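This report describes selected local features of one protein model, arranged by region. The sequence and structure are shown first.

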Amino acid sequence: RTVLVLNGPNLGRLGSREPDVYGSANLDDLRALLTAATPDDVTVDLRQTDDEAELIHWLYEAVDTGTPVVLNPAAFTHYSYALRDAAALVTKAGIPLVEVHISNPHARETFRHTSVVSAVATGVIAGFGFDSYRLAVDYIVRLG
Ligand code: DQA
């Protein structure tokens with residue numbers, strides 16, 4: 001089994017980007033944490049892109065392969081209807097998609113209070129640092 005863990009723009013800079021908000025660990029640390037926290041028969045396929053089209057195509061891949069998704073859409077969260085529509089393809093196909101955020105966007109600037117993705121996600125986990133991802137992966141693993 002595979003879980004796709006997809007990360008949007010600027011998350012490749014984790015570790016050095018606003019460590020007061022996002023912590024000082026990077027995506028390799030996140031990959032290691034999730035792999036360690038996941039049963040051996042589950043593969044964590046963690047990816048990051050700054051490119052909206054690439055992220056959308058990864059969601060098509062999830063649909064075509066029936067692979068569950070943990071998605072941190074980063075800033076696309078707040079305005080990308082294209083990403084939202086692609087996320088809807090996933091959940092409408094009956095494939096779980098959990099929206100995650102490292103920070104709690106509701107405790108931050110007003111523009112972060114809106115997610116155009118949440119309404120088509122299976123659920124949302126935000127504000128727990130990298131544990132947001134871990135909780136999301138745990139949920140998917142427990143689905144079996
Ligand atoms: C984020 C929150 C977004 O508002 C922001 O644009 C990000 C990261 C988070 O994980 O807390 O890039 O999705």
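## The loop around Val120

Val120 is located in the loop that runs between β4 (97–101) and β5 (123–126); helices (H or I, at least four residues) and strands (E, at least two) are DSSP runs, numbered from the N terminus. The structure is a predicted model, in which local features need pLDDT of at least 70, side-chain atom pairs count only at pLDDT 80 or more, and totals for chains, interfaces and linings use all residues. Residues are numbered from 1 along each chain as its sequence is written.

Val120 counts as partly exposed because it has 19 C-beta neighbours inside 10 Å. Under the criterion applied, a residue is buried if 20 or more other C-beta atoms lie within 10 Å of its own, exposed if 12 or fewer, and partly exposed in between, with C-beta atoms placed from the backbone. Apart from residues up to four places away in sequence, Val120 touches Arg84, Ala87, Ala88 and Thr91; two residues are in contact if their C-beta atoms, placed from the backbone, lie within 7 Å. Between the C-alpha atoms of Val120 and Val98, which are 22 residues apart along the chain, the separation is 9.6 Å.

## Ligand surroundings

Which residues are around the ligand? They are Asn10, Asn72, Ala74, Ala75, Thr77, His101, Ile102, Ser103, Pro105 and Arg112, where a residue is near a molecule or strand if its C-beta atom, placed from the backbone, lies within 6 Å of it. The shell around the ligand consists of four nonpolar, five polar and one charged residues. In this classification Ala, Val, Leu, Ile, Met, Phe, Trp, Tyr, Cys and Pro count as nonpolar, Asp, Glu, Lys and Arg as charged, and the others, Gly among them, as polar.

Asn10, one of the residues around the ligand, is placed in the loop between β1 (2–7) and α1 (19–22). Asn10 is partly exposed, since 14 C-beta neighbours lie inside 10 Å. Although Asn10 is not a glycine, its phi is positive, at about 75°. Most residues other than glycine have a negative phi. Glu18, also in the loop between β1 and α1, is likewise not a glycine and has a positive phi of about 35°. Glu18 is exposed, with 11 other C-beta atoms within 10 Å.

## Annotated binding-site residues

Under "binding site", an unreviewed UniProt entry lists Asn72, His78, Asp85, Ile102, Ser103 and Arg112; UniProt positions are given in the numbering used here, feature names are shortened, and annotations may be inferred rather than shown by experiment. These residues are spread over 41 residues of sequence and are also spread in space, up to 23.7 Å between C-alpha atoms.

Asn72 belongs to strand β3 (residues 69–72) and is buried, as 24 other C-beta atoms lie within 10 Å. Its contacts, not counting residues up to four places away in sequence, are Asn7, Gly8, Leu11, Val100 and His101. His78 is in the loop between β3 and α4 (81–92) and is partly exposed, with 16 other C-beta atoms within 10 Å. Neighbours within four places in sequence aside, His78 is in contact with Phe111, Arg112, Thr114, Ser115 and Val116.

## Annotated active-site residues

For "active site", the unreviewed UniProt entry lists Tyr22 and His101. Although spread over 80 residues of sequence, they cluster in space, with a largest C-alpha distance of 9.6 Å.

Tyr22 lies in helix α1 and is buried, because 20 other C-beta atoms are within 10 Å. Beyond four places in sequence, Tyr22 touches Leu14, Arg17, Ile102 and Ser103. His101 is part of strand β4 and is buried, with 23 other C-beta atoms within 10 Å.

## Packing of α2 and α5

Two packed helices are described by the angle between their axes and the distance between the axes. Helix α2 (residues 27–36) packs with helix α5 (residues 131–143) at an angle of about 35°, and their axes are 10 Å apart. Axes are lines fitted to C-alpha atoms, for helices over the stretch in contact, and angles run from 0 to 180 degrees between N-to-C directions.

In this pair, Leu30, Leu33 and Leu34 of α2 meet Tyr133, Arg134 and Val137 of α5. The contact of α2 with α5 comprises five nonpolar, no polar and one charged residues.
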